[in-house]
Amino acid sequence: MTKLAICPGSFDPVTYGHLDIISRGAKVFDHVTVAVFNNQSKAPLFDVEERVALLKEVTKNLENVSIDSCGGLLMDYAEQQGAQAIIRGLRAVSDFEYEMQITSMNRKLNEQIETFFVMTNNQYSFLSSSIIKEVAKYQANISDLVPPVVEEALKKKYNQ
Ligand code: ADP
């Protein structure tokens, strides 16, 4: 049986922290689908299509990774796709409480699908899309935190 994992998130925009989690997941599972969620409670900088396009570009060398977008409940989507697992990244202790809450709820919704956590690489432990957007506004050097295509996309957004 093909082992499929879903890696869900906002990815607004994708960073090297996300890529680290995705590529490490792809070493363990037969296939990883990165699912871009349109979280209504966050006002995104990039629309879903832009986020998907950036993710496709930066994962094009990962053969067993594909990109999709989705609304609604993660567990409904995971079941429709026939996934066995969800992959999430853990950075600081501050991620823990939220992740524990959401994972417990997801398990209640579908206990057949397990959530696996990948501990961030130390160099990305303080990296988030929000902090990237915050500093990119002021033309800070972010070249070691996001892929070049994302850096370009951010420049375009903030120069508009
Ligand atoms: P969400 O809005 O669901 O938190 P994000 O796009 O912020 O989505 O993150 C998607 C996933 O990637 C989450 O599991 C998050 O913990 C993980 N992640 C984000 N940044 C990093 C990072 N720097 N290192 C490791 N994991 C990360």
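**Helix 2 and its surroundings**

Modeller: This is a predicted model. Helix 2 and helix 6 pack with their axes 10 Å apart, at an angle of about 155°.
Biologist: Roughly parallel or roughly antiparallel?
Modeller: Roughly antiparallel, because the angle is over 145 degrees.
Biologist: Which residues meet there, helix 2 against helix 6?
Modeller: Helix 2 brings Glu50, Leu54, Glu57 and Val58. Helix 6 brings Val149, Val150, Ala153 and Lys157.
Biologist: And by class, how many of each in that contact?
Modeller: 5 nonpolar, 3 charged and no polar residues.
Biologist: Back to helix 2 itself. Which of its residues are buried?
Modeller: Val48, Arg51, Val52, Leu54, Leu55 and Val58. They cover an arc of only 165° around the axis, so they sit on the same side of helix 2.
Biologist: What do those buried residues pack against?
Modeller: Helix 1, strand 2, strand 3 and helix 6.
Biologist: New topic: the largest nonpolar core. How many residues does it have?
Modeller: It has 32 residues. Val32, Val34 and Leu55 have the most contacts inside it.
Biologist: Where does the largest share of this core come from?
Modeller: Helix 2, with 5 residues. Other elements that each supply at least two include strand 1, strand 4 and helix 5.
Biologist: Last one. What does Val34 touch, leaving out residues up to four places away in sequence?
Modeller: Cys7, Phe11, Ile22, Leu55, Val65, Ser66, Ile67 and Asp68.

How values were computed. Residues numbered from 1 in each chain as written. Predicted model: local features only at pLDDT ≥ 70, side-chain atom pairs only at ≥ 80, totals over all residues. Heavy atoms only, no water. Buried < 20%, exposed > 50% of the residue type's maximum accessible area, 1.4 Å probe, protein only. Helix = DSSP H or I, 4+ residues; strand = E, 2+ residues; numbered from the N terminus. Arc of directions from axis to C-beta. Contact = heavy atoms within 4.5 Å. Core = buried A, V, L, I, M, F, W, Y, C linked by side-chain atoms within 4.5 Å. Axes fitted to C-alpha atoms, helices over the stretch in contact; angles between N-to-C directions. Parallel < 35°, antiparallel > 145°, perpendicular 65-115°, else oblique. Nonpolar A, V, L, I, M, F, W, Y, C, P; charged D, E, K, R; others polar.
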